[in-house]
Amino acid sequence: KTKSRLQKPLMQKNPGENYTSVEVDPITGEYYINIPEWVLSEFGWYEGTVVNMEVDGEAIIITEVEGT
């Protein structure tokens with residue numbers, strides 16, 4: 001017998017290039033960046049998750065705000 005399994009499409013987890021661009025909302029003029037879906041899945045984040053951003057040298061550290 002031949003067994004076949006259905007496989008879910010794999011999200012690109014931690015790809016070699018993790019680039020995104022800074023964009024501007026045309027209505028509000030606010031700057032924003034998009035967080036890749038694989039990052040959201042890795043941390044269990046979803047729309048409405050509150051995050052904190054800190055600058056550390058030349059890096060931006062994004063962490064979830066607990067209890068919100």
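1. In this predicted model, the structure holds one aromatic pair. The partners are Phe43 and Trp45, whose ring centres lie 5.0 Å apart. Their planes meet at 25 degrees, and planes under 30 degrees apart count as stacked, so the pair of Phe43 and Trp45 is stacked. A pair of aromatic rings is described by the distance of the centres and the angle of the planes.

2. Are the two residues of this pair buried or exposed? Phe43 has a relative accessibility of 51%; because the cut-off for exposed is over 50%, Phe43 counts as exposed. Trp45 has a relative accessible area of 11% and, because buried means under 20%, Trp45 is buried.

3. The overall architecture may be stated briefly. The protein has one helix and four strands, and their order along the sequence is β-β-α-β-β. Of its 68 residues, 7% count as buried. Among the contacts with a separation of 6 or more, 15% are made by residues 24 or more positions apart.

4. Strands S3 (residues 51–56) and S4 (residues 59–64) run antiparallel and are joined by six bridges. One of the residues concerned is Asp56, whose bridge partner in S4 is Ala59. The hairpin of S3 and S4 has two residues between the strands, and within this hairpin Gly57 takes a positive phi near 65 degrees.

5. Met53 deserves a separate remark. This residue lies in strand S3, and its relative accessibility of 57% means that Met53 counts as exposed. Leaving aside residues up to four places away in sequence, Met53 touches Ile60, Ile61 and Ile62. Met53 and Thr63 are 10 residues apart in sequence, while their C-alpha atoms are 6.6 Å apart in space.

6. The surface is the next topic. The accessible surface of the protein comes to about 6900 Å², and carbon and sulfur atoms account for 52% of that area. Which residues make the nonpolar surface patch of about 430 Å²? The patch is made by Val22, Val24, Tyr31 and Ile33.

7. Ile33, one of the residues of that patch, is found in the loop between strand S2 (31–32) and helix H1 (37–43). Its relative accessibility is 41%. Partly exposed denotes the range between the buried limit of 20% and the exposed limit of 50%, and therefore Ile33 counts as partly exposed.

Key
Residues numbered from 1 in each chain as written. Predicted model: local features only at pLDDT ≥ 70, side-chain atom pairs only at ≥ 80, totals over all residues. Heavy atoms only, no water. Buried < 20%, exposed > 50% of the residue type's maximum accessible area, 1.4 Å probe, protein only. Contact = heavy atoms within 4.5 Å. Areas by Shrake-Rupley, 256 points an atom, 1.4 Å probe, with all protein chains shown as cover. Patch = residues over 30% accessible without salt bridge, like charges linked within 9 Å, V, L, I, M, F, W, Y side chains within 5 Å. Salt bridge = Lys/Arg side-chain N within 4 Å of Asp/Glu carboxyl O. Phe/Tyr/Trp six-rings, centres within 6.5 Å; stacked < 30°, edge-to-face > 60°. Pairing = 2+ DSSP bridges.
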